[in-house]
Structure formats: structure tokens, C-alpha cells
Amino acid sequence: MERTASAVWNGGLKDGKGVISTQSGVLKETQYSFGTRFENGIGTNPEELIAAAHAGCFTMALSAQLGQANLTPESLETTAHVKFEKTDAGFTITHITLVTRAKVPGASEAAFETAASNAKAGCPISRLFHGNTEITLDAQLV
């Protein structure tokens, strides 16, 4: 399986702009720029897209882990907080926090914590960052 996305950039770093598109068409010439990455401009940025990818990946993995424990979630809501900062090596994603609130009928705290921990370790986006970025998890049944 292979997925694709593309980016087109015109101009210099601070005065230029670009667009990002995805194979599925969900993003089609979506604007990004210096302002959307380092300030509060209108558009997206790579770190926001990573946060979206990680939240989606982890949440699907958590659903799978719960299913393996014969539990069916009523709802799983995850927000990924991506910390992007300047280090000695340059701008770096230094930390990601996954915050999940879950409604899982019949789940014990222990079963839920095991599923959440396994999902964090096993989701492909988490594995992409393994060893390079600290990932923390705040997962709670509600």
C-alpha cells in the first residue's frame, strides 16, 4: 500500500506560499506558508497535519485493541498536541501528547489502560517517531 501527497511552493521562505494536496482529494491545494507554520496565518502546516495523522492513527489502533479485548467503544475522542520548537539541531518536533476520552461500555480501567498503552506503542505514526520524540498519553474513560 502506498499513499501520496504533494506540495508546491512559490517564492522565498517568508514571503512565499505553498499548497498541499492529498491523493484522496481531502486536501486539495490547501494553503500553507511561513505565517501558518510559525505565526497564526490562515491555512495549515506540516505539524498540524502530523497531529491529525497521529490522532487518527492512535484512535483507530485503540479501537482495534479494544476489539481484541471483546470491547466495543461507544466513542473515542483524541487530540494530539505536537510541540514544535527550535533545538540545537534546528526546528524539531520534540514532544507529542495524545489526550483521549473514551466511552467504552463494560471496560475496566485496567483493560482500557492496557488497550491504550498497546495502541500508543503499536500505531504506525507512534512507531515513526519512536526513539526521536517523546510521546505521552493521557487516556481516560468517561
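At what angle do the axes of helix 2 and helix 3 cross?

**Ground rules.** I am reading a predicted model, in which local features need pLDDT of at least 70, side-chain atom pairs count only at pLDDT 80 or more, and totals for chains, interfaces and linings use all residues. Residues are numbered from 1 along each chain as its sequence is written, and side-chain values use heavy atoms, with hydrogens and water left out.

**Helix 2 against helix 3.** I found that the axes of helix 2 and helix 3 (residues 109-122) cross at roughly 135° and come within 8 Å. That makes helix 2 oblique to helix 3; angles under 35 degrees count as roughly parallel, over 145 as roughly antiparallel, 65 to 115 as roughly perpendicular and the rest as oblique. For the axes I used lines fitted to C-alpha atoms over the stretch in contact, with angles from 0 to 180 degrees between N-to-C directions. The crossing is right-handed, a term for the near helix being turned clockwise from the far one by less than a right angle, with anticlockwise giving left-handed. Next I listed who meets whom: F58, A61, L62, Q65 and L66 come from helix 2, and their partners in helix 3 are F112, A115, A116, N118, A119 and K120. Contact here means heavy atoms within 4.5 Å.

**The whole chain.** Stepping back, I noted four helices and six strands, where helices (H or I, at least four residues) and strands (E, at least two) are DSSP runs numbered from the N terminus. Read from the N terminus on, the order is β-β-β-α-α-β-β-α-α-β. The C-alpha trace spans about 55 × 35 × 30 Å along its principal axes. I also saw that 31% of the 142 residues count as buried; buried means under 20% relative accessible area, exposed over 50% and partly exposed in between, using a 1.4 Å probe and protein chains only. Among contacts with a separation of 6 or more, 50% come from residues 24 or more positions apart.

**P46.** I looked up P46 in helix 2 (residues 46-68). P46 is partly exposed because its relative accessible area is 25%. Leaving aside residues up to four places away in sequence, P46 touches Y32 and R37. From P46 to T36 I read 9.5 Å, C-alpha to C-alpha, for a pair 10 residues apart in sequence.

**Rings.** My tally is five aromatic pairs, with rings of Phe, Tyr and Trp (its six-membered ring) pairing if their centres lie within 6.5 Å; planes under 30 degrees apart count as stacked, over 60 as edge-to-face and the rest as tilted. F34, F38, F84 and F91 are linked into a cluster by ring pairs.

**Positive phi.** E29 has phi near 50° and lies in the loop between strand 2 (17-22) and strand 3 (30-33); its relative accessibility is 56%, so E29 counts as exposed. N70 has phi of about 60° and belongs to the loop between helix 2 and strand 4 (75-87). With 73% relative accessibility, N70 counts as exposed too.
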